Protein chains: 2
Amino acid sequence: MRHYQPEKYPPFAVTVDLVVLTIRADRLCALVVRRGERPYLGRWALAGGFVRPDEDLDTAARRELAEETGLPVGSVHLEQLASYGDPARDPRMRVVTVAYLALAPDLPSPRAGTDTVDAKWEPVTDLLGKPATLAFDHHRILGDGVERARSKLEYTPLATAFCPTEFTVAELRRVYELVWDTPIDPRNFHRKVTGVTGLLASTGHTTTRDGGRPAQLYRRGEATLLHPPMLR
Amino acid sequence: MRHYQPEKYPPFAVTVDLVVLTIRADRLCALVVRRGERPYLGRWALAGGFVRPDEDLDTAARRELAEETGLPVGSVHLEQLASYGDPARDPRMRVVTVAYLALAPDLPSPRAGTDTVDAKWEPVTDLLGKPATLAFDHHRILGDGVERARSKLEYTPLATAFCPTEFTVAELRRVYELVWDTPIDPRNFHRKVTGVTGLLASTGHTTTRDGGRPAQLYRRGEATLLHPPMLR
DNA sequence: CCAAAAGTGTTCTTACTACACCCATGG
DNA sequence: CCATGGGTGTAGTAAGAACACTTTTGG
């Protein structure tokens, strides 16, 4: 590695932290891991870790997601959220963290990783309701991540990231209802969502897994922006 | 400062870079500074610099904006844009930069700062049209900043950040036209913008600086979100 | 048959578009 | 007077909200 000159460039550590959201047991849940090191030993925190010397930020985020959870990472939407660099946010030293937002369909339960002794899915409302639960400034980061997810559901097809490969309109609607925490009229939602070009791709299959009349199964379409957008 | 342990925390330098946009001579312009140091000596770049050891990221951004340009910084909207950390983005060493987006009304011409020999406002289309003009990955950062500004005009009152304290509906419309690079019907725009609650606050004054019939002068209102949004 | 969920039709209302038209100033 | 831009009225259309109604399954 190139020589480091602290007199010119003040030394920072750089980490990535992950707001991983999924829908489990009809709740919007976030991934939290129990810390196995100081500081905040034994406290719950977002998954994350130090960026390696020759690693891109996106790469580090995806590596940490795989490492710290053991979850299959291919089907996960991952995007940069924001960076946090309060000088006092980590008592060890000056750390700037680049937070990422990940949205995943219902996955197997996570396993503990290298620096963590435990990992679990926790309902977002529980975490946000108790600001002191999470280590560092992770409560704030989680809040920012959830808010980002909420607004992106409005104008992108991102809700499909919470769904399995094939899903029904009702399952997609439940995603919106849970993330936005608001009831949605099933009839208008159906009309709207099937009308937006490129949001849904028909599979030809049906399912009765939700009871009642068989529902069409869809895959996500190629659209990257919703016209018109869904409104909260 | 706390002791640095490179064996545990790989050393990074952290910088802030600024996408500063304004409207000048009826063009959307970005602030660029000529580099007075290696690498990219003599090349144009975004304003920016190293974050100090005990300084928050937002503070660093506002400090650099003031320092590197000599511009009055109070009336400037500043928000975090994204972070960039490609291992090869700076040949000196590993640098992660946190980019900020600043929107300013037409300001006096900038002066050179400490690490820069020159500074100017350059039309955004010129800069984006020639990808090799800017140092580092600043062309990409500028593009991301402009795109952020474009979409934020849709659902926030941010267009007013380009206007002086008191402005007319026509001046506000011109902001939208220049940032979106699209013509807008003056009559419909007027009705729409005066109809959105909290976007504009009446001052009681009028002006004839645009010629023709005197126009009402407005200040920005208290609204933080536009209902309904402006659509491109 | 009934319950349950999928999906369609209809009506009302809001908001965008396009453009005709009038208003208030300077020269 | 005329030119210039400010501002209003109106008709047609796209899309959201509310909700009655029909369809297709399981039991």
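Two residues are in contact when heavy atoms of theirs lie within 4.5 Å. By that rule, and leaving aside its neighbours within four places in sequence, Phe189(B) is in contact with Val169(B), Leu172(B), Arg173(B), Tyr176(B), Ile184(B) and Met230(B). The model is a predicted one, in which local features need pLDDT of at least 70 and side-chain atom pairs count only at pLDDT 80 or more, while totals for chains, interfaces and linings use all residues. Residues are numbered from 1 along each chain as its sequence is written, chains are lettered from A and ligands numbered from 1 in the order in which they are written, and side-chain values use heavy atoms, with hydrogens and water left out.

Phe189(B) has its place in helix H5 of chain B, residues 186-195, where helices (H or I, at least four residues) and strands (E, at least two) are DSSP runs numbered from the N terminus. With 4% relative accessibility, Phe189(B) counts as buried, a word that stands for under 20% relative accessible area, whereas exposed stands for over 50% and partly exposed for values in between (1.4 Å probe, protein chains only).

## Chain A as a whole

Chain A contains 5 helices and 9 strands, which follow one another along the sequence in the pattern β-β-β-β-α-β-β-β-α-α-α-α-β-β. Its C-alpha trace spans about 65 × 35 × 30 Å along the principal axes. Of the 232 residues in chain A, 53% are buried, and among contacts in this chain with a separation of 6 or more, 66% are between residues 24 or more positions apart.

## Where the two chains meet

The size of an interface is often given as the accessible area lost when the parts come together. Chain A and chain B bury about 3,000 Å² between them, 63% of it on carbon and sulfur atoms; this buried area is the accessible area (1.4 Å probe) that two parts lose on being put together, summed over both. In this interface 32 residues of chain A are in contact with 32 residues of chain B. The count of residue pairs in polar contact between the chains, both at pLDDT 80 or more, is 12. A polar contact is a pair of N or O atoms within 3.5 Å; within protein, one must be able to donate a hydrogen and the other to accept it, and residues adjacent in sequence count only if both atoms are side-chain atoms. On the side of chain A that touches chain B, strands E1 (13-24), E5 (77-84) and E6 (95-103) each supply at least two residues, and E5(A) gives the most, with 4 residues.

## Salt bridges and a buried charge

A salt bridge is a side-chain nitrogen of Lys or Arg within 4 Å of a carboxyl oxygen of Asp or Glu. Over all chains this rule gives 40 salt bridges, but across the interface of chain A and chain B it finds 0.

| Asp126(B) | Arg27(B) | 3.6 Å |

In another of the pairs, Glu122(B) is buried at a relative accessible area of 18%, while Lys120(B) is partly exposed at 27%.

Glu68(B), in helix H1 of chain B (residues 57-69), is buried yet has no salt bridge, and the nearest side chain of opposite charge, that of Arg35(B), is 7.3 Å away. The side chain of Glu68(B) does, however, reach the backbone nitrogen of Gly48(B) at 2.8 Å.

## Backbone details

Most residues other than glycine have a negative phi, and most peptide bonds are trans. Against that background, the peptide bond from His227(A) to Pro228(A) is cis, with omega near -5 degrees, and Pro228(A) is found in the segment after strand E9 (215-220) of chain A. Asp181(A), which is not a glycine, has a positive phi of about 55 degrees; Asp181(A) lies in the loop between helix H4 (169-180) and helix H5 (186-195) of chain A and counts as exposed at 66% relative accessibility.

Terms used:
Lys, Arg positive; Asp, Glu negative; His and termini not counted.
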